[in-house]
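Me: Got a model open here. Can you walk me through a few spots?

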Amino acid sequence: MQGKPETKSTEYFIRTINKFFDCLNVSNAVTWKLKNKPNLKPYSSVTDPRFEWLMESFLGFLKEWEDDVNTTEGLTKDEKKRMCLSSQTVDGLRLTVKSFVELTKELLEHDKVEYILSEKFTQDPLEEYFSKQRSAGGTNDNPTVEEFKNNFLSLHVAGDCVSAARRGNCSNVLRDKSNNILSAEPLPKRPRTSQAEQRCAL
């Protein structure tokens, strides 16, 4: 299928979205070497070409997509909507790209910042926390401030022993289980002493 005229647009779409995901999912300093994927390389310079690609090529791709659909004749308003990403999704992507580029460039200007891992710019920890809050509330979908505060204290005490919902859309890569102290091992028993030994000890 690759290279055929009828699949050219689909191929371009897949390559563009794949590069976008790579640019915003840089998780460590070595994966890009192991997988031979330069787009997974940590950001270490304000002149990184990926910044320009995100701002110009990727956002330009989204605008061109919208313009092509809106200028197509013979389609109803609903049909045009179904041929594009939703306006909320497009606005979210634009906000994400512009915020990431500006913030990363600003951080890289500091002398103590060696490189930036884009995967760290994620709201997964926040979503995981509220997932735990929902689980703690059971069937209560509208907790009061007092109930939320009580759940907060319970979750704080339990720490990493409480897990977020398995069916959530959050990544588990950053979740550290090293502090989980739960164990099925029985507690050590104190050796028994006879009454004579107890009297001698006194």
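Me: Asn36 first: buried or exposed?
Reply: Asn36 is exposed, at 66% relative accessible area. Exposed means over 50%, buried under 20% and partly exposed in between, with a 1.4 Å probe and protein chains only. This is a predicted model: local features need pLDDT of at least 70, side-chain atom pairs count only at pLDDT 80 or more, and totals for chains, interfaces and linings use all residues. Residues are numbered from 1 along each chain as its sequence is written, and side-chain values use heavy atoms, without hydrogens or water.

Me: Where does Asn36 lie?
Reply: In the loop between helix 2 (31–34) and helix 3. Helices are DSSP runs of H or I, at least four residues, numbered from the N terminus. Asn36 has a positive phi of about 55 degrees, although it is not a glycine.

Me: New topic. Which residues of helix 1 are buried?
Reply: Thr16, Ile17, Phe20, Asp22 and Cys23. Their cover includes helix 3 (49–70) and helix 5 (87–108).

Me: What angle do helix 1 and helix 3 pack at?
Reply: About 140 degrees, with the axes 11 Å apart. Axes are lines fitted to C-alpha atoms over the stretch in contact, and angles run from 0 to 180 degrees between N-to-C directions. Contact means heavy atoms within 4.5 Å.

Me: And which residues meet there?
Reply: From helix 1, Tyr12, Phe13, Thr16, Ile17, Lys19, Phe20 and Cys23; from helix 3, Arg50, Trp53, Leu54, Phe58, Phe61 and Trp65.

Me: Last one: what does Asn151 touch?
Reply: Leaving aside neighbours within four places in sequence, Asn151 contacts Gln133, Ala136 and Gly137. Asn151 sits in helix 7 (residues 145–158). Asn151 counts as buried because its relative accessibility is 14%.

Conventions
Helix = DSSP H or I, 4+ residues; strand = E, 2+ residues; numbered from the N terminus.
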